[in-house]
Amino acid sequence: MVVPSLKLQDLIEEIRGAKTQAQEREVIQKECAHIRASFRDGDPVHRHRQLAKLLYVHMLGYPAHFGQMECLKLIASSRFTDKRVGYLGAMLLLDERHDAHLLITNSIKNDLSQGIQPVQGLALCTLSTMGSAEMCRDLAPEVEKLLLQPSPYVRKKAILTAVHMIRKVPELSSVFLPPCAQLLHERHHGILLGTITLITELCERSPAALRHFRKVQILRLLRILGRNHEDSSETMNDLLAQVATNTDTSRNAGNAVLFETVLTIMDIRSAAGLRVLAVNILGRFLLNSDRNIRYVALTSLLRLVQSDHSAVQRHRPTVVECLRETDASLSRRALELSLALVNSSNVRAMMQELQAFLESCPPDLRADCASGILLAAERFAPTKRWHIDTILHVLTTAGTHVRDDAVANLTQLIGGAQELHAYSVRRLYNALAENISQQPLVQVAAWCIGEYGDLLLAGNCEEIEPLQVDEEEVLALLEKVLQSHMSLPATRGYALTALMKLSTRLCGDNNRIRQVVSIYGSCLDVELQQRAVEYDTLFRKYDHMRAAILEKMPLVERDGPQADEEAKESKEAAQLSEAAPVPTEPQASQLLDLLDLLDGTSGDVQHPPPLDPSPGGALVHLLDLPCAPPSPAPIPDLKVFEREGVQLNLSFIRPPENPALLLITVTATNFSEGDVTHFICQAAVPKAPLRLKLRLTYNHFHQSVQEIFEVNNLPVESWQ
Amino acid sequence: MQFMLLFSRQGKLRLQKWYVPLSDKEKKKITRELVQTVLARKPKMCSFLEWRDLKIVYKRYASLYFCCAIEDQDNELITLEIIHRYVELLDKYFGSVCELDIIFNFEKAYFILDEFLLGGEVQETSKKNVLKAIEQADLLQESPKKTLSPIF
């Protein structure tokens, strides 16, 4: 009994009636079996229906490759119904990776040449959707012919098909360029639209409702023509200004045109006035109730903020308002833009807004906001106290999201502001007393209390309410940090060292401290244990030196300009500067050993680069160094020779013991696959000015190479 | 435009139009990921999002999501207009279109799209012309013996 095949709609009903995935699969597999059989039998009457059903299940995710050949048959049929479904199938099932797709080329060619417009339309549509480079080359002549045929319906499709062909096979530009001039004179909107698209594509590979679609495309074209082209840009200025002012923005379509205008202005070399106009349009967009418009405005303003900074600044209040957006993608952009707009005159106000934002912003923005605030604070802080307050606030609000160097930066900052030591230590003490979980904050607080514990207990500080703290409280707090499971190992290290330092800052006896130190001598954490043992030793065997070792640290030099340096009172202070450090009085060797050990371990705390062992006496005070250790400004390496993978580099060092000496190391490296043999390098150094003449001879790639050259561009720092 | 996807709130695909060559596997992967991403968006969020190196413009009409992937230099706002225009065309053709119409007449949805966009670009700005073309094609399908007047 021949079962009549299901109609498409009936199949869809049946599939939708399935209650479970398994049931659906069953229905579909059964039907696919029928469809397969039908294809095998070669039933031409129902073929289109079978394929349509197959396309439906394909959309649901089921395999349909066995229908590929059927598409070809349907396309070749003379019935329009067949062709319609066949071409649809081709677009969905055939792709250029399979050779099968080439088989429809002939059918397309035939369909393009016969005169029925809907059929030509189908062929062009398919070609422009899935036409591979080969197909495009084959069919270019046919499409070209259709460009100038009378029917607009076909022509507009042919034009856009040409666009696709050029994208696939750029050489075809030469074929499709000539007709453009004539096409531009057409009055049919569809054709004009297509033509502009084609021209756009031709000028630079890229891509355009009644008025609105057309305007956007024209503007797009202008954008491309005017890019980097001074003259065209000038003539466009007036046009763009006109479009900008005359566009009706009551509907989104109008806004789309305006936006395209802005994009055009941004891309071409427009007059300053026009750019301000663009910025103002975007500023108005920011006030639009439609959040999509606000989104594109924020994105575009971000692109403009560098080049047209003052124009964008005028819209700062509106931008800041956008921080309150509920949509995270908008508030993120508002954050980026706000940060870009911070300058020295608005820093206080902006920081206030940004701090408020930090408190309530979504978690994934917190890290960026925190580091943005810290960066801006660093660049534009009006006063040191403000700076310290700002960092403190960030650490309290979002301590876990700040970057690693925040601790180092803050201690550096505090260290350098002697007048604010009392203030800083009090604020930090208060913050610590409230909450010991935010590690960066705890670390800085511990360090400060250790350094300036005496100021903390002194009682008076004009800038803050008087605080009565007694020694036992301070010690108890540090011990709490030391014992807390919330404290990271590094934090505990800070706390222990701070306690140790307090042994010289506080007035009471040190029994409590000594007790803690001795307990931690058997701590399981190796780092803490080592410290504790050393501190204990300090108490027991080197007590006479304890005060000197634990003295206040001198200001540590950082990379970057240093505003002012405070030389701390100390017997053997080394004045640190960019140049080679001045050597200091030698220390007792036992002391140096102990300190080297300490410095080695403290180096682990915040991953600073390894301490340069030689800059002598400065090490006396470098306990618990959180920042990058001081070093003379390194002289940059210099690449002096390169040939076929053989490279010669020079590196320079001034040994601190003898700064008058310049040690130059020549490093020869062979990056090539061939061996270098018989390598000889000879150097001659005329006295002054400092020059270097090098002679190289070697064998490489079966050739003997001889090179003689002079190195003239020695780095400035290497000169005497 | 690189591709357009229509899918329901349950993530069922209702239409997929690809203007760039990709393997079946890649298409499936992209569809899966993008559907997940868009469905996760809250109602108040804006219609644009960045995904891989593309810009995604999406809009929900009743139970259907219309989702387009455009390139960096394309105008998002005009893409929203394109989506809207397509919905208007469907609405005119089916008369108050709903998801079921698109499910049961998916080929028609494709045919209409193919009269509006070609190769990822807008080919016809006049709603009237688009619908007229579809009408003509439908007629041709029903009575192939009839000779047709040129469409315009």
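Which hand does the crossing of H23(A) and H24(A) have, left-handed or right-handed? The first legend takes this up, and the others move through further close-ups of this predicted model.

**View 1. Helices H23 and H24 of chain A pack against each other.** The crossing of this pair, H23(A) and H24(A), is left-handed. H23 of chain A covers residues 384-398 and H24 of chain A covers residues 405-415. Their axes lie 10 Å apart and meet at an angle of about 150°. Angles over 145 degrees count as roughly antiparallel, so H23(A) and H24(A) are described as roughly antiparallel to each other. From H23(A), the contact draws on His387(A), Ile388(A), Ile391(A) and Leu395(A). H24(A) answers with Leu410(A), Leu413(A) and Ile414(A). Sorted by class, this contact holds six nonpolar residues, one polar residue and no charged ones.

**View 2. Helices H21 and H22 of chain A form another packed pair.** Here residues 347-360 make up H21 of chain A, while residues 363-380 make up H22 of chain A. The packing angle is about 160°, and the axes are 10 Å apart. By that angle, H21(A) and H22(A) are therefore roughly antiparallel to each other. Their crossing is left-handed. The contact of H21(A) with H22(A) counts 12 nonpolar, two polar and two charged residues.

**View 3. Helices H17 and H20 of chain A pack at an angle of about 30°.** H17 of chain A spans residues 291-304, H20 of chain A spans residues 328-341, and their axes are 9 Å apart. Because of the angle between them, H17(A) and H20(A) are roughly parallel to each other. The crossing of H17(A) and H20(A) is left-handed. H17(A) brings Arg291(A), Arg294(A), Tyr295(A), Leu298(A), Thr299(A), Leu301(A) and Leu302(A) to the contact. H20(A) supplies Ser329(A), Leu330(A), Arg333(A), Ala334(A), Glu336(A) and Leu337(A). Together, the residues of this contact comprise seven nonpolar, two polar and four charged.

**View 4. Arg546(A) forms a salt bridge with Asp543(A).** The closest N and O atoms of the two residues are 2.7 Å apart. Both Arg546(A) and Asp543(A) sit in helix H31 of chain A, which runs over residues 543-549. They are three residues apart, about one turn of the helix. Across all chains, a search of the whole structure finds 36 salt bridges.

**View 5. Confidence along the chains.** Chain A has a mean pLDDT of 79, with 81% of its residues at 70 or more. Chain B averages 90, and 94% of the residues score at least 70. Over residues 205-213 of chain A, pLDDT stays under 50, and the model has 38 contacts beyond four places in sequence for them. Residues 560-631 of chain A also stay under 50 in pLDDT, with 130 contacts beyond four places in sequence. For the model as a whole, the scores are ipTM 0.93 and pTM 0.64.

Definitions and conventions: Residues are numbered from 1 along each chain as its sequence is written. Chains are lettered from A and ligands numbered from 1 in the order in which they are written. This is a predicted model: local features need pLDDT of at least 70, side-chain atom pairs count only at pLDDT 80 or more; totals for chains, interfaces and linings use all residues. Side-chain values use heavy atoms; hydrogens and water are left out. Axes are lines fitted to C-alpha atoms, for helices over the stretch in contact, and angles run from 0 to 180 degrees between N-to-C directions. Helices (H or I, at least four residues) and strands (E, at least two) are DSSP runs, numbered from the N terminus. Angles under 35 degrees count as roughly parallel, over 145 as roughly antiparallel, 65 to 115 as roughly perpendicular and the rest as oblique. A crossing is left-handed if the near helix is turned anticlockwise from the far one by less than a right angle, and right-handed if clockwise. Contact means heavy atoms within 4.5 Å. Ala, Val, Leu, Ile, Met, Phe, Trp, Tyr, Cys and Pro count as nonpolar, Asp, Glu, Lys and Arg as charged, and the others, Gly among them, as polar. pLDDT is the predictor's confidence in each residue, from 0 to 100. A salt bridge is a side-chain nitrogen of Lys or Arg within 4 Å of a carboxyl oxygen of Asp or Glu.
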